[in-house]
Amino acid sequence: MAGQVKAVVIAGNGTNCEREVAFACRLAGAEVADIVHIAEFLAGRVRLEDYHFLNLAGGFLDGDDLGSAKAGANRLLHAPVAGGPSMAEQIRRFVEDGKLIMGVCNGFQLMVKMGLLPALDGNLMQQSATLTFNDSGRFEDRWTYLAVDGASPCVYTRGLDGLYLPVRHGEGKFVPASDEVLARIEAEHLAPLRYADEQLRPTMDYPLNPNGSTRAIAGVCDPTGRLFGLMPHPEAYLHRTHHPRWTREEDLPEEGMGLWLYRNAVQFIRENIL
Ligand SMILES: NC(=O)CC[C@H](N)C(=O)O
């Protein structure tokens, strides 16, 4: 039916946040938020073209073997699809059609390793950065303050100053492939989110910066602002009671901050795609 915002979350091979992400899309106003197993896509039973908003959820794709999301990236880049265009081709068309992709945590790692981020000059499927082991050498599970770059083209962070969201990952350190890639990311404001202190000043200090990420980068977008990935989990803060101190902090708003990113995505689709 015309006028419906349709989101899809790819599941399978070790994702574990698909339900929360689909719920976030619905809370944000998407009329459709399907959870679809990757096997359904590869069998040609479901096509990306039927959706506006592709979500790549967190988890442990292929058990983090070969590095988080690396095997999953190869699957999406190279596996054939029965009786139709490959996933890589479907994703390319999806992006050309002006649609939205958001990857959270393992989904962000997947986007970076597929070359969907930062996709400088619109070059998709050419990896130019990675996400690797946290400097602490261990899995980090904690809440983080995030400063928003208001000059970023990122569709999802429009109108926001800062966020408070949890991270839970072992490989969250963003590392660009070269100084030139980093310089381009900075010059084009493709890092909309940075780990920060409570006053929202970006920081390299552990544990405020939980992984030692280059320039404290916590999230990256492409030059169009429609492709976006972040290590923190916005789908894990949708309601007041998700906040770690909700029983003690007064005046917490009913709505969690993570929902704002999904609201911006849904609004963008209504205004620009439908
Ligand atoms: N929460 C997640 O998505 C974790 C991503 C990945 N398995 C890591 O540990 O880095």
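**View 1. Strand 11 and its parallel neighbour, strand 4.** Ile101 stands opposite Leu227, a residue of strand 11, and this pair belongs to a contact in which strand 4 (residues 100-104) and strand 11 run parallel and are joined by four bridges. Helices (H or I, at least four residues) and strands (E, at least two) are DSSP runs, numbered from the N terminus, and two strands pair if DSSP finds at least two bridges between them. The structure shown is a predicted model, in which local features need pLDDT of at least 70 and side-chain atom pairs count only at pLDDT 80 or more, while totals for chains, interfaces and linings use all residues. Residues are numbered from 1 along each chain as its sequence is written. From strand 11 (residues 227-230), Leu227 and Gly229 point one way whereas Phe228 and Leu230 point the other way, and all are buried. Here a residue is called buried if 20 or more other C-beta atoms lie within 10 Å of its own, exposed if 12 or fewer do, and partly exposed in between, with the C-beta atoms placed from the backbone.

View 2. Nine strands make up an open sheet with mixed pairing, and their order is 2-1-3-4-11-10-9-6-7. Strand 2 (32-37) and strand 7 (162-169) stand at the edges with a single partner strand each, so one side of each has no neighbour in the sheet. Neighbouring strands of this sheet are turned by 25° against each other on average, direction ignored. Helix 7 (residues 258-272) packs on the sheet, where it touches strand 3 (53-56), strand 4 and strand 7, and its direction makes about 165° with that of strand 4. The axes behind such angles are lines fitted to C-alpha atoms, for helices over the stretch in contact, and the angles run from 0 to 180 degrees between N-to-C directions. Residues count as in contact if their C-beta atoms, placed from the backbone, lie within 7 Å.

**View 3. The surroundings of the ligand, with Phe60 among them.** The ligand is surrounded by Gly58, Gly59, Phe60, Asp64, Ser68, Cys105, Asn106, Arg168, His169, Gly170, Glu171 and Gly172, where a residue is near a molecule if its C-beta atom, placed from the backbone, lies within 6 Å of it. The residues of this shell divide into two nonpolar, seven polar and three charged, with Ala, Val, Leu, Ile, Met, Phe, Trp, Tyr, Cys and Pro counted as nonpolar, Asp, Glu, Lys and Arg as charged, and the others, Gly among them, as polar. Phe60 has its place in the loop between strand 3 and helix 3 (70-78), and it is partly exposed because 17 other C-beta atoms lie within 10 Å. When residues up to four places away in sequence are not counted, Phe60 touches Gly14, Asn16 and Asn106. Phe60 and Thr15 are 45 residues apart in sequence, and their C-alpha atoms are 5.8 Å apart in space.

View 4. The peptide bond from Tyr206 to Pro207 is cis, with omega near 5°, and Pro207 lies in the loop between strand 9 and strand 10. Pro207 counts as exposed because it has 12 C-beta neighbours inside 10 Å. Another cis peptide bond joins Leu117 and Pro118, with omega of about -5°, and Pro118 is found in the loop between helix 5 (106-114) and strand 5 (129-132).

**View 5. Positive phi at His189 and Asp251.** His189 is not a glycine, although it has a positive phi of about 55°, and it lies in the loop between helix 6 (179-187) and strand 9. Asp251, also not a glycine, has a positive phi of about 65° and is found in the loop between strand 11 and helix 7. His189 counts as partly exposed because it has 16 C-beta neighbours inside 10 Å, whereas Asp251 is exposed, with 4 other C-beta atoms within 10 Å.

Note on methods. Two residues are in contact if their C-beta atoms, placed from the backbone, lie within 7 Å.
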